[in-house]
Structures are given as structure tokens and as C-alpha cells.
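The structure comes first, followed by the terms and the values.

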Amino acid sequence: MIAQVIVDVAAKQTDRIFEYQVPEQIADLTTGSRVVVPFGRRKVQGFVVGLTKTSQYQGKLKDLLLVVDEQAPLTPELVELSAYLAKTIFSYRISILQTMLPSVMRAKYRKILIPTTKQAEELQIFKGKSIDLAKVTDLEEIAQINQLLKKDMAKIEYAVENKAKEKTKKVYYLTSSLTDYKKFQQSLRSNAVKQAELLQFIVEHFEQFPFDYAQLKKYNLSFSAINTLVKKDLLKIKEIEQYRNPLTEFSKNSKRKIVTLNQEQTAALQKINKSIEKSEAKTYLLEGITGSGKTEVYLQAISNALQKGKNALMLVPEISLTPQMVSQVNARFGKEVAVLHSGLSEGEKYDEWRRIRRGEARVVVGARSAIFAPLTNIGLIIIDEEHEASYKQEDTPRYHARNVAIWRSQFHNAPLVLGSATPSLDSRARAQKGVYELLRLTKRANQKALPKVKIIDLKSVEFAGSQFDLSTNLVEAIKEKLMRNEQIILLLNRRGFASFMLCRDCGFVLQCPNCDLSLTMHKDTNQMICHYCGFHQPIPNRCPNCQSSKIRFLGTGTQKVEEELSELLPGVRILRMDVDTTRRKGSYKEILDKFGAGEADILLGTQMIAKGLDFPNVTLVGVINADTALYLPDYNASEKTFELLTQVAGRAGRAEKSGQVLIQTYNPDHYAIKLAQKQDYETFYQTEMKVRYQGNYPPFFFTNLISVASKNEQNAAKEAFAIKRILMRNLHAPTIVLGPTPSAISKIKNQYYYQILVKYKREPKLNELLHQIQDLAQEKQKYGLNIYIDTQPGRIS
DNA sequence: AGCACGCCGACT
DNA sequence: GTCGGCGTGCTC
């Protein structure tokens, strides 16, 4: 038999199948297996994507060396999916296969130097062992090693290592009969007290064995006595595999609650259920206002799929994978749930993933990459908050979880449910055209009115304090809530203290040396930080350009507002939540737990606080500046602004108390802000569609973004123009080719970026053409040029 | 991607 | 002569 293998070498030239002879000892090789194969002089990991009887290859096939896992990690479905994705998203098949698996399954490679003669073995450099070449840095040693290699006294061996380790525990089994143990007990010396205790325990608990180490420890039994019995073959140790279970911390406080659905929810659920039963690959767009009970519809649909003997996959944005969310699902489906998100350790992710692969979990809940969960027999896929930009991976492989979900839905003939209060325009337009079926939830499940939203016009308002960040209206409202012991959420879409340093004498703005961005001041760490590449330097007290002391720090960030609030409201307890305060693992949850427990009055944060949080005591939500996202040079700035404001407004008044929302803005008449005030998604959709139509933007056009990067700005520009010419020659009206222009941030990490935007309605040859351009890029790489192609880019300037 | 081969200039 | 720098081509 011959195995078709995709090899772990991410390069254009190796992005194809290599064939290997399967030796007879390897009988049970299946498609999707992870294998080790010889590749040139090296050994590399690879994935079997097909098995055949014959080969076209002219030379002699090499033997496949090893099958790594007992069970093939990839299902045939995932292998097929990887082929489809490689074609459509311009990335190597191996990169796609790797992202389908937990990161511990990436191979580690080592080069080891092994002595070949007795004489060499005794050399000091070997010390009787072989040498890991990665660890050799000493120049003299390197010279000596080269000598040895030359004289054939040593050879290099290539090793492929598997990082994936199962956690095990020691379990002790009995080996003899009860009478034997009793006999042995009698024969003990009188001073063997600990052994006597252990034997007494064995005799008393004979029926309950085996015990694991932790259990034995509880009975205060001596470890050395246990070991003695093991040595005497009276106990046997078995290493039993154990899952690192991340759910335990949530499962304690979960309670089951049965919720009755309202009429709209029931109608939506029935449609979805029908598709589950008919095995129908239909996509539903569940458009439901905040608080309309989408989650309950999801849970009952999942439950229905399980009853029909099918499995279910649910994606949620990383940020809303809160303990609240997980415990809800867990309370419903218990041990059958597997959770995949970035908060897990690598080992936990691997274990959760294996539970899915082995069919032990029937419901998978996870963030973007969970769309590749090796779940079989899928009967339902759900994507919650489907408009979230985080479902698109912004680096290679640039897949969109929604597209992958559609593919899998078709593969399994299972319905896909896209849910949101503010659907992406893309999805909403597809529902309009009948590609998706629209299901609407227009009523709040708890009958509560939507929170009252007030817009504060910053152009004509009085500010509290000396800074121009907080209006008196907002501060008064905060005071009022504080007096009633209620809580407040404040949103400010920028972290740090001030967003740039400006010299009033020479006009100099302090910028990142690697990127084309101004540095942001962070007062707490006394640093100026680049939010793109992380570059930092101390806060200057003189202008680095002209040495003037007349420097000012402009713009507002979370740190500055925190300071202002403390001045205006002495004694107020503020929790700040942004990338800076949540970098440590678990700190996100810590902050939210504190706030939930009422240990703070105000939660002040960036957009990470806008979504999914549910705190009943929050009665005021304030948006400090609604305009931050509005004038980004991006066609979907309005959509993002509307989305953010609507979502954050939904955080107020979630329980008994009614909520209030205050939005500060310099653009009170902008339709995105006015319609967010009314929470009127449908009108926003209609309005924004007209804007998109006039601007030839999605969803009226498909887009493809080609970026050319180089350390040399002129080379990047030159190549970008060359690509544009190729495109113009081959594409036809009404396709629009824009650019090349420097990217919005034209320099990132010392690379200059030029981009070309292709907007098209129908261009059947485009895919092929782009692949050709990519091939061309391969040649150009020698001159330090990189070309990236992004279909459905997340942002376009 | 790595690795080898081959060609070239530089140097003990 | 031999070392090492880089351009080129190959990996079943």
C-alpha cells in the first residue's frame, strides 16, 4: 500500500503530496494519520491524506517510518476540508492541517550527534552520551564536531519528537488472594509497623481495590511500605491515563433551570428542529435583540439534536466564553460537553480535543478554532454573535469560521444557526436574498423594556473637572447610581493614558521606530508603548527632536479616565479592564468575579467589556467616546460602531432594576449612533446597505486584499504596481482594482506594506490568477518581498 | 523549510 | 590546498 502524505514543511514547493511505501508491519494505517517519514536527509512529521495501490512516481518510494497516534487524529472529513480550504484561502495545506489540531501535536525536531566509533565515544565532548546539536554554541566545539563528521567518527541523526503527553496516574492493583495477604501479615516482623498498617488496610478493603495513589495517601499509608509491597509483587502499579478536566471549576455551582420559550422562540426552535430531523443543510440567521433569549433557543436545539442521536458544535466569541456561559451549557449537558478556548493550558486543550476525537463528548463549545473539532455525526452547528470579527483569523491560515461552518454543515447535512442581535451586513443581506432563512426574535424574553439610551453631545456640554473627557451629565448619573449602591460599566475604546506625545515647539510626534504609529503613554508603567508591536521606551520629559520641554500628551485612554474618575469621585472603587490588566492568565475572570461580587462600583474597560457580560446590579452604562471607531478609514466603521454601542447598551438593566445608557459623542446626528440609541437594527441595516451600494462595498461586492511587504519601501511599491498591471490585464468590468496604496499603517515591524484591493461581483478566473501571483511571489521572496492574499479581509481602508 | 552541492574568493 | 559565503535545486 502507498500513503499520500502532506509533509510538515510549509513552503510552496513542498505544498503537495509525497508518496511513501507502507511497510507490512503497519497494517492499520488510515487516512488522517499522523506519521513520521524520511524527507531528503531529514525525518519530518506528515499527515496521510490518501491511500492508494499504485504510484506514478518514477523513483523508488521510501518507506513510511512510523505512525504516531493510536487513533488517526484527523477524520476523513477534516482531511477533505483541508483540501477545500487550501484551494480557497491561499495558504499551505500543512498549515491548515496543523491548525486543525491542538498545538501540542506539532512536531519538534532535533538534530543529534552520535559517535560511531569506540574511540570517538570516549572523547570528552561526548561524555559517553550523544549531543543535542541545537545546544552547541561554542565555536571550538563546532569545529571539533565538523572534524569528527569529516572523519566519519560521528553521524547526525534527525529526531522527530511528539510533545503531546497524556497525563497519567498510578493505580495500585492487588496481585494475590485475601488469604495470601493474611498469611503475609502474620509473617511480618513486629517492628514493621507501617507495612502492618498497609496490610491491615488491604485486608479490610480487599473488595474495593484498585486504589490510586491519592486515595491511599488519604488513609495516611506509608509510601515506602507501598513500594516494598510492589517490590515483593504483592501490589502492581498500572499507569492509567487521566484527562486534565477544565470543567471542574465551573461545574460546582451550576444548576439546572427549565425555561419556557415565548412564541417567537418556539417558532424559531421548531424550524431548526425540523431541519435537524430532516438532515437538512440549511443556514438560519437568528436575529434577536439583546435579552431575547437566543441562548435558550440554542440549548434546546442542541438538546433536540442529542435526542436524535446527533452531536452538536457551538462557537462563541472567545471573550464570551465566560464561566457564566460554560456553566450554563455544562449544567444542561454535563459530561457530554467539551470546551475549547484559549484559557485552557495546552494539556487541557489536548485532553478536551481527545475526548471529542474518541467520541466521548457529544457537544463542543469553543472559540474560532473549535470549528475544526474532530466531532463526527454532527447534527447541528451554532455560531453565536456571528458578526464578531474574531471569527476571521487575521493571520495565515486566514480562514473564516463561518465559511468553514457552512462547509461542514453541508458535509453533514446539518443545519447551521447564525445568531446575533446585530448580524453582519453580509449575513443579513444573504437572508434578504433567501440564501439563509431569517428567524427574528423581537421581544425580550423577560418582558423587560430595553434600557433608555441618551445621547450626550460633547460639542455643547459642560465637562466635569479640568479634562474634556467626562461630561457633568455622565458624572452626575454615576453619582446617583453610587448613592443607590448600584454598579456602572464605562466603555472607552482605547487603553493607556494618552495616545500621543506632541511637541508644541517643533510639532514632533513620538512614533514607534518599527511601525508607522504614535506611541501611547502608559503612566502606570512609566512607558511609551506601541500597541502594534509592543515596542516601549521611557516617557520623555523633553522633546527627543528639539529638546524643548514644552511637550504635551494628547488623547484619552482608560488609564487617564481612571485617574480622572478617582479625582472627581473620591473613594470610588474602579476596576480597569483592558489588555494591560488582563494579560495574566485568569486575570480576566478575576476582575469579573470581583465586580460581580460587588467589590467595585465601576468597571471601566475597552471593548472587551461590551459583550456578553451579565451583571444584574449594573444600572448605568456609559460610553465615553462613541466616535473612536467611527472615523477609522474602514468601510465598515459605521457597522462596527453600531454593533459596539448596541452590544454595550445591552449590559444595562439585565435584571429587576431598569437600566440607563449614556453615550457621549461629537457626532450625535450620525445614523449609526442615532439608530444604536433606538436599538433599531433593521433601519440601520437598510441605511447602511444604501451606503455600501453607493460605495461599491460588500455585500454588493466581494473583496480580496493583496498586500505586498518589504523592508524596502520602493521595492514593495514597485511589486505592487506590477501586480496591479497583471490584474488589470486579466480582469474585466465591473471588477474594480484599487491601489496600490500604502496600508493604513504603512509600516509594521520594520516592513512596509502596500495593498491592492480587488472588488468584484463575478470573476471566475480570479482564484487561479491569484494563485499565479502567489507563485510569482515565491520567486520574489529572494529579494525580501512577501505577498499575502486575504479573501474577505476583516478591514479595508 | 532545510540540506547539499558547487562555485568563488580569502586565508593559515 | 581548505574554509566558508551564497546561489540553486531537490525532497516521494
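## Basis

Two residues are in contact when heavy atoms of theirs lie within 4.5 Å. Helices (H or I, at least four residues) and strands (E, at least two) are DSSP runs, numbered from the N terminus.

The model is predicted: local features need pLDDT of at least 70, side-chain atom pairs count only at pLDDT 80 or more, and totals for chains, interfaces and linings use all residues. Residues are numbered from 1 along each chain as its sequence is written, chains are lettered from A and ligands numbered from 1 in the order in which they are written, and side-chain values use heavy atoms, with hydrogens and water left out.

## Helix α13

Helix α13 spans residues 346-357 and covers 16 Å from its first C-alpha to its last, close to the 16 Å expected at 1.5 Å a residue; the expected span is 1.5 Å times one less than the number of residues. Just after α13, Gly359 has a positive phi of about 80 degrees.

Of the 12 residues in α13, 10 are buried. Buried means under 20% relative accessible area, exposed over 50%, and partly exposed in between (1.4 Å probe, protein chains only). Among the buried residues are Tyr350, Trp353 and Ile356, but also Glu348, Asp351 and Arg354. The buried residues pack against β12 (235-242), β15 (337-340) and β16 (363-366).

## Surface near DNA strand C

A residue is near a strand if one of its heavy atoms lies within 4 Å of it. Around DNA strand C there are 13 residues, of which Glu19, Pro38, Gly40, Lys62 and Lys150 come nearest. β2 (17-21) and β3 (34-39) each supply at least two residues of this surface, and β2 gives the largest share, three residues.

Polar contacts are pairs of N or O atoms within 3.5 Å. A side-chain N or O atom of Arg16 lies 3.4 Å from a base nitrogen.

## Annotated cysteines

An unreviewed UniProt entry annotates Cys512, Cys515, Cys530 and Cys533 as "binding site". They are spread over 22 residues of sequence, yet their largest C-alpha distance is 8.7 Å. Such annotations may be inferred rather than shown by experiment.

Cys512 sits in the loop between β22 (500-503) and β23 (520-522) and counts as buried because its relative accessibility is 4%. Cys533, in the loop between β24 (527-529) and β25 (536-538), is partly exposed at 26%. Leaving out residues up to four places away in sequence, Cys533 touches Cys512, Asn514, Cys515 and Lys749.

Notes:
A polar contact is a pair of N or O atoms within 3.5 Å; within protein, one must be able to donate a hydrogen and the other to accept it, and residues adjacent in sequence count only if both atoms are side-chain atoms.
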